[in-house]
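Trainee: Could you walk me through how to read a structure like this one? I would like the general idea and then the case at hand.

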Amino acid sequence: MTPPIYFRPAIPLLVSLIFGIILGSEYSGLESGAGVVALFSLVCVLHHLYRRRTGIIFPLLLFLALGYLSIAPWLRPGFSPNHVTRYAGSARWDITGTIDSQPRAYHNRTRFLLRVVSLADNHQVYPVAGKLRVTAVGQIPPIAAGDKLRLNSRIRLISNFNNPGGFDYQRHMAFKGIWATAYVKAEHLAVLKRNRPAGVFGIIGGARRSFSDLVEQFGEPDSRSVLNALIIGERGQISAELRQAFNRTGAGHLLAISGLHIGIVATVAFAFIRFLTSRILPLLWRAWSRKCAALLSLLPVFVYGMIAGFSPSTQRAVIMVAIFLFTFLFESEQDPLNTLALAALVILLIDPPSLFSISFQLSFTAVLGIIYGLSRLRYAATHQSSGTKSRPMRLKTITLTFFLVSCLAICGSLPLVAYYFNQISLIGIVANFILVPLIGFIAVPLGLAALSILPFSMTLAARLIEADLVILSFALELVRFFAELPFAAFKIVTPSLLEIACFYALGWALLNLGQSDSNRIENPSMPDDAAGRCISAGDSLPHGIRIGLLRRFIKRLVARGRFPLRSSARAKILLGLTLLILAADVGYWMYQRFWHPDLRVTVIDVGHGSAALVELPGGHTVLVDGGGFSDNSTFDVGERIIAPLLWYKKINTVDTMILSHPNSDHLNGLIYILRNFKVKRVWTNNEACQTKGYRRFVDVIAHRQIPLETIDRMKRHQRIDDTELELLYPPVNFLKLRHTQKWRNINNNSLVVKISLNSVSFLFPGDIMSKAERELLSLADGNLDSTVLIAPHHGSRTSSSPQFIDAVSPEVTVVSAGRSSRFRLPHPTVLKRYRARGCLIFQTALNGAVQFNTDGRSLDIKPFIEVAATCVSSAN
């Protein structure tokens, strides 16, 4: 039976705190008002406690205000005059500071937080404060938390790629107290002083290093990297292919130490200690065996957390498990939902940004799904079975329960997994049913046992590690087997917040269909049927007494959370309403995706590079270039920017992909799209390039058998419904001409595409420069006039010649270039040319993504950042 809300006081307080944190993250400037509300509510709460009165309004207001106030310092900090962000810019500094976090190695890169002490330039030293996120490249000397370093680097403020559906990296880092970064090569980094911690932390640090060194002597690399991730939290050596395999099987959570791992350690420790304490008679006589087991289980939980590096996700997991263990100290049985809410409440009070952490959300939704789902299913089962169970039946029940736990955990976190990772594993339930016991209940305890024994017997610890690596090798083979199944997982578009809410509403409704009124709480002081009989017999009572009884009866119903409808009836109503909302949602997105009559163009913010998404009337999609950095292993623009934008717009299919030319800042972002989306055809100029990115581009097209239309075979003019696609440049024989005309380089050979709907047109000229522009003027024969021009070559002064601008005569120009680019783009001379001709100028570096909507007659422009757009346009 489910207790009413006053038996679960942590739930309304948690909800109020969450709303306060969300309000604080979205709206600023109300700190004074929130402080007044918090103070007034606190006084009222204390007054109620002193008078021994109950109430819910003032506690809710108090936690709402606390939530608002708690998140403000993270997002709107008051930086000191000597804060490190004051020195960001193009100047290089000798930066001295202390490592504030355990360094994480990622192949040839090492990342760590540096608490800066001073900056030096030309023998002038400036004392500073604040933290930097440092990325060191190459073979750096061994470093650890507490070491004092000096490095030479520029300081850069953290910024976002501002696109619809994009990840807010700036806020993500702000929640860690980091507002600036530094990038340093190994030769420019020196260790000034090593500061190994003493005491317990020194012992744990030494144990971590000894364990890692011993693991490196056995097994294969993948097994070693996974064992280090499971025991000491070092995930940097896990290959990208292995991570992807775990994600496809729905078991990626096993690689990150979180609630599952801490919970397993707590479960194993509690079971073992309970086994011992149950054999101590004094504890049994006083009914202390379970309490002692719970208290003693906290020790291995905290030790495991420290060994694992005590990352934020590990800290939250330790707090959550510790609160659950503390509930055993109370005589009465605690309500699991209230305990879960209490754990979340404590975590958010300590660390408010945890609310926006993916691991926090996934952990609590998974546990909530398990607790509530099992309570509903067990409630139904108790009405269908009775009597004692045989041993085979109990074994069957345990197996079924474990299967249900895996199923409920996956279902509980499924919408968030789809929202953050855009991937659903179809075999996750089966894979987790096998892998969680194998890795969680065998590999992890075995690894912890080896770590515990290591100070006393290296030989025995080595044998345990060897055995553990064998088990992990077998587990990894299973992971690869599941991942290679063609139906193992599929990519999914990003669900909206409304769709996520509908999913959980459907889950609640389905779990409560056929249930009796689960909110009923029996109270022997006055049974409800007795109160009902008194009221029904009201004809024999005075009117005042009848009204009093009626009021008392209604008050009791409200206090208990009871309603006239049974749970199953409420579930049916909610199910019907949710299905209606989902039907309307599907209709809305079908219109937005396939039935819209307008032409939509989004010039995407990809930093230094170019990418644009064109959505034709009727849903045909065209992706013109994909941006990209020189090395996709550093940052994959396709995975981090282009794909999230497409999924946000519910796009899983790219009908036409256009690569203007094979430079990395146009090409590399397309590789991920080719691998993970359905691409129907690709346009290129067929000019090869001897780069790793181009080879991968060609290999993926061949492997997936995507039709490749080169310039000598594609139609120069195509019509899709009412939209025209015209290929204006280069000439068909440009590959032959480039042998004699040296100016025909990769940039000047770019495809130039014009897309038009009635009187509104968009021109995409790639990276052509002035000589190519002159040839284009003669080839186009007056067909260059366009409403919107994507500035050629990112606004370089070698392009956008006056003659070209006059021929195009654009009303709007968009410059796609990076912030603080070393190429110093766009060039001021080019901007001056466009302004002189009355163009409205937008820059992705200032405005983020720029979205255009047109019906063929009028043009609607919506930059992602409105304020910067106003500044740019006012400059005209």
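Mentor: Happy to! Let's start with a term: a nonpolar core is a set of buried Ala, Val, Leu, Ile, Met, Phe, Trp, Tyr and Cys residues joined through side-chain atoms within 4.5 Å. Keep in mind that this is a predicted model.

Trainee: Which residues touch the most other members of the largest nonpolar core?

Mentor: Phe211 and Ile465 do, in a core of 58 residues. Helix α16 gives the largest share, twelve residues. Among the other elements that contribute two or more residues are α5 (199–215), α6, α8 (259–277) and α15 (428–453). Leaving aside residues up to four places away in sequence, Ile465 touches Phe211, Leu214, Val215, Phe218, Leu227 and Ala450. Another core, of 33 residues, lies apart from that one and includes Trp647, Met657, Phe697 and Ile701.

Trainee: How do I read the packing of two helices?

Mentor: Two packed helices are described by the angle between their axes and the distance between the axes. Here, α6 (residues 221–232) packs against α16 (residues 458–484) at about 105 degrees, with the axes 9 Å apart. Angles of 65 to 115 degrees count as roughly perpendicular, so α6 and α16 are roughly perpendicular to each other. On the α6 side the contact includes Val226, Leu227 and Leu230, and on the α16 side Ile465, Leu469 and Leu472 are among the residues involved. The contact residues of α6 and α16 divide into seven nonpolar, two polar and four charged.

Trainee: Is His793 buried or exposed?

Mentor: His793 counts as buried, because its relative accessibility is 16%. Asn686, at 37%, counts as partly exposed.

Trainee: And where should I be careful?

Mentor: Where pLDDT is low, the predicted coordinates should not be read in detail. The chain averages a pLDDT of 86, and 89% of the residues score at least 70. Over residues 518–547, though, pLDDT is below 50. Residues 868–876 also stay under 50.

How values were computed. Residues are numbered from 1 along each chain as its sequence is written. This is a predicted model: local features need pLDDT of at least 70, side-chain atom pairs count only at pLDDT 80 or more; totals for chains, interfaces and linings use all residues. Side-chain values use heavy atoms; hydrogens and water are left out. pLDDT is the predictor's confidence in each residue, from 0 to 100. Contact means heavy atoms within 4.5 Å. Axes are lines fitted to C-alpha atoms, for helices over the stretch in contact, and angles run from 0 to 180 degrees between N-to-C directions. Helices (H or I, at least four residues) and strands (E, at least two) are DSSP runs, numbered from the N terminus. Angles under 35 degrees count as roughly parallel, over 145 as roughly antiparallel, 65 to 115 as roughly perpendicular and the rest as oblique. Ala, Val, Leu, Ile, Met, Phe, Trp, Tyr, Cys and Pro count as nonpolar, Asp, Glu, Lys and Arg as charged, and the others, Gly among them, as polar. Buried means under 20% relative accessible area, exposed over 50%, partly exposed in between (1.4 Å probe, protein chains only).
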